[in-house]
Amino acid sequence: MSASIAMAESSRSGGHALLDGAQTAWDMLSEEQMQKPITTGCEELDTILGGGIQCKAVTEIGGIPGIGKTQLGILQDSTSSQCPNSCTIWWSWWKGSLHSYTEQIAAVNYLEKFLEEHQDVNIIVVDSITFHFRRDFDDLAMRTRVLGGMSSKLMRFAKKHNLAVVLLNQVTTKFVDGSFQLTLALGDSWSHACTNRIILYWNGNERHAYIDKSPSLRSASAPFQVTSKGIRNVTSNCKRVRMM
């Protein structure tokens with residue numbers, strides 16, 4: 001069909017002709033509202049996240065060592081109770097010295113075939129996305145390109161297979177206004193690679209999670225505690241969800 005004929009067809013149908021596989025904004029909104037988030041196990045955190053970790057999205061979780069990143073990524077109990085036939089893919093890249101960033105990229109590339117053959121996967125956790133990319137790269141421009149390609153593939157997998165992707169990130173120091181401050185690793189360009197960004201931090205002796213970036217969620221924080229079964233509500237009778 002020529003461009004002029006296609007435009008004419010679109011005009012006769014009220015301008016609503018779509019390419020094959022395309023979706024209207026209404027279709028996308030309706031589909032998003034039907035997605036059931038994956039609970040974190042902490043009701044207060046689920047509240048600020050709109051029900052839990054979003055499917056068809058990439059969520060980055062960052063914070064200092066010992067704050068609870070890995071525990072927040074452990075969603076197996078939650079997913080098994082919500083979807084008994086579902087499974088989780090967990091990749092841990094920081095333990096041991098046999099892995100490299102090339103193996104990490106190869107594993108992400110292999111995911112495409114694996115997900116086609118295993119339709120029961122509903123969450124992918126990468127622990128951590130940062131480790132090898134902080135150590136093995138001297139060329140920062142190349143690192144940015146490689147990370148961008150990997151994040152694009154993970155986002156595509158999330159949308160195509162209706163699953164959640166969770167990327168755990170480490171912290172580093174950044175010189176700002178005459179002093180060093182803690183910030184998530186991989187630089188400012190990486191901050192655009194994920195749909196949602198959650199930063200974990202200490203508030204006195206209490207762990208908190210803060211929504212730092214999201215296209216659909218308000219900035220807010222909520223307390224949580226780490227238990228042997230993952231993260232749970234802080235044992236308190238007062239509700240302390242804070243909207244920013």
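pLDDT is the predictor's confidence in each residue, on a scale from 0 to 100. The structure shown here is a predicted model, so that score, which comes with the prediction, is a handy place to start. Averaged over the protein chain, pLDDT comes out at 78, and 70% of the residues get to 70 or more. Residues 1–16 are another story: pLDDT stays below 50 over this stretch. Beyond near neighbours in sequence, residues 1–16 make five contacts in the model.

Next comes the chain as a whole. The protein chain has nine helices and eleven strands. It is 244 residues in length, and 41% of those residues count as buried. As for who touches whom, take the contacts in the protein chain with a separation of 6 or more: 62% of them link residues 24 or more positions apart.

Several residues of α8 are tucked away from the surface: R143, V146, L147, M150, S151, L154, M155, F157 and A158 are its buried residues. Just past the end of α8, N162 adopts a positive phi of about 55°.

S151 sits in helix α8. Its relative accessibility is 8%, and because buried means under 20%, S151 counts as buried. Setting aside neighbours within four places in sequence, S151 is in contact with W190 and A193.

For a residue in another setting, there is G51. This glycine lies in the loop between α3 (43–48) and β1 (57–62). With a relative accessibility of 33%, G51 counts as partly exposed, because that value falls between the 20% cut-off for buried and the 50% cut-off for exposed. Once neighbours within four places in sequence are left out, G51 touches P37, T39 and D46. G51 can also be placed relative to T40: the two are eleven residues apart in sequence, and their C-alpha atoms are 8.7 Å apart in space.

Notes: Residues are numbered from 1 along each chain as its sequence is written. This is a predicted model: local features need pLDDT of at least 70, side-chain atom pairs count only at pLDDT 80 or more; totals for chains, interfaces and linings use all residues. Side-chain values use heavy atoms; hydrogens and water are left out. Helices (H or I, at least four residues) and strands (E, at least two) are DSSP runs, numbered from the N terminus. Buried means under 20% relative accessible area, exposed over 50%, partly exposed in between (1.4 Å probe, protein chains only). Contact means heavy atoms within 4.5 Å.
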